[in-house]
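Subject: Structure handover

Hi,

Here is the structure I promised to pass on.

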Amino acid sequence: MPSVRRISALRPQRTARAATAPRPAAAVALGLVLAAGALAGCEYTYDDGRSGAVQASTTTAPVPAFTRDPLQQDPVSGAAIADWVSRALPDSAGPEVQADAGLLGSGEVRTVSSPDLAAGTYALALACRSQRRVTFTVSTETLTLVDLGLRCGINRENVFYLSTESTLTVRLEAGSAANYAFRLRRL
């Protein structure tokens, strides 16, 4: 018959664990540099089906052009206004209902009224020329359709629908000398 032990094997004595030394900062930094170097060597390539001759050619980046010359934003007078308006508000489709352009003095407010307009859809193109903004407020007898402080050098076109016969009032205001232009067309 098999024998059974009543005493189990002796348990090993436990020893205290040694404290882990903190990693030196230099080793961590070296690890990061090696990882960055490994990633820097990676390159994504693909075959887009073009011939090798096309891929071998190099292209140069275009030279950036200055898009806004502040001296070209100074207001003009006389015959130069008509030339500026023809460039700022190019012709578009639809019969012209009203157009106006001119020169505003510093702090001047001007109000222009349209003839009676039939119900329908209209496009209002706005432009100004100044170092600052010009405020355009376009309203009917009961409703403000456009209330815009337009940064000069940028043209804006607003399309709106008149449900009843109305007269538009265009209020122009400039903090400094400015040219303004607007054109109302029926669509």
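First, a term: a disulfide here is a pair of cysteine sulfur atoms within 2.5 Å. A search of the whole structure turns up one of them. Its partners are Cys128 and Cys152, with sulfur atoms 2.2 Å apart. The torsion about their S-S bond is about -115°, so this disulfide is left-handed. Cys128 sits in strand β3 (residues 120-129) and Cys152 in the loop between β5 (144-151) and β6 (156-162), so the pair ties together parts that are 24 residues apart in sequence. Both Cys128 and Cys152 are buried, where buried means under 20% relative accessible area, exposed over 50%, and partly exposed in between (1.4 Å probe, protein chains only).

Some housekeeping before the rest. This is a predicted model, in which local features need pLDDT of at least 70 and side-chain atom pairs count only at pLDDT 80 or more, while totals for chains, interfaces and linings use all residues. Residues are numbered from 1 along each chain as its sequence is written, and side-chain values use heavy atoms, with hydrogens and water left out.

Now the overall layout. The protein chain has three helices and eight strands, in the order α-α-α-β-β-β-β-β-β-β-β along the sequence. Those are DSSP runs numbered from the N terminus: helices are H or I with at least four residues, strands E with at least two. Of the 187 residues in the chain, 27% are buried. Among contacts (heavy atoms within 4.5 Å) with a separation of 6 or more, 78% are between residues 24 or more positions apart.

Which strands make up the open sheet of four? The order is β1-β8-β3-β6, with antiparallel pairing; two strands pair if DSSP finds at least two bridges between them. β1 (96-104) and β6 are the edge strands, each pairing on one side only. On average, neighbouring strands of this sheet are turned by 15° against each other, direction ignored. The angles are between N-to-C directions, from 0 to 180 degrees, with axes as lines fitted to C-alpha atoms (for helices, over the stretch in contact).

Leu103 stands opposite Asn179 in β8. Helix α3 (residues 79-88) lies across β1, β3 and β8, at about 50° to β8.

Over to you!
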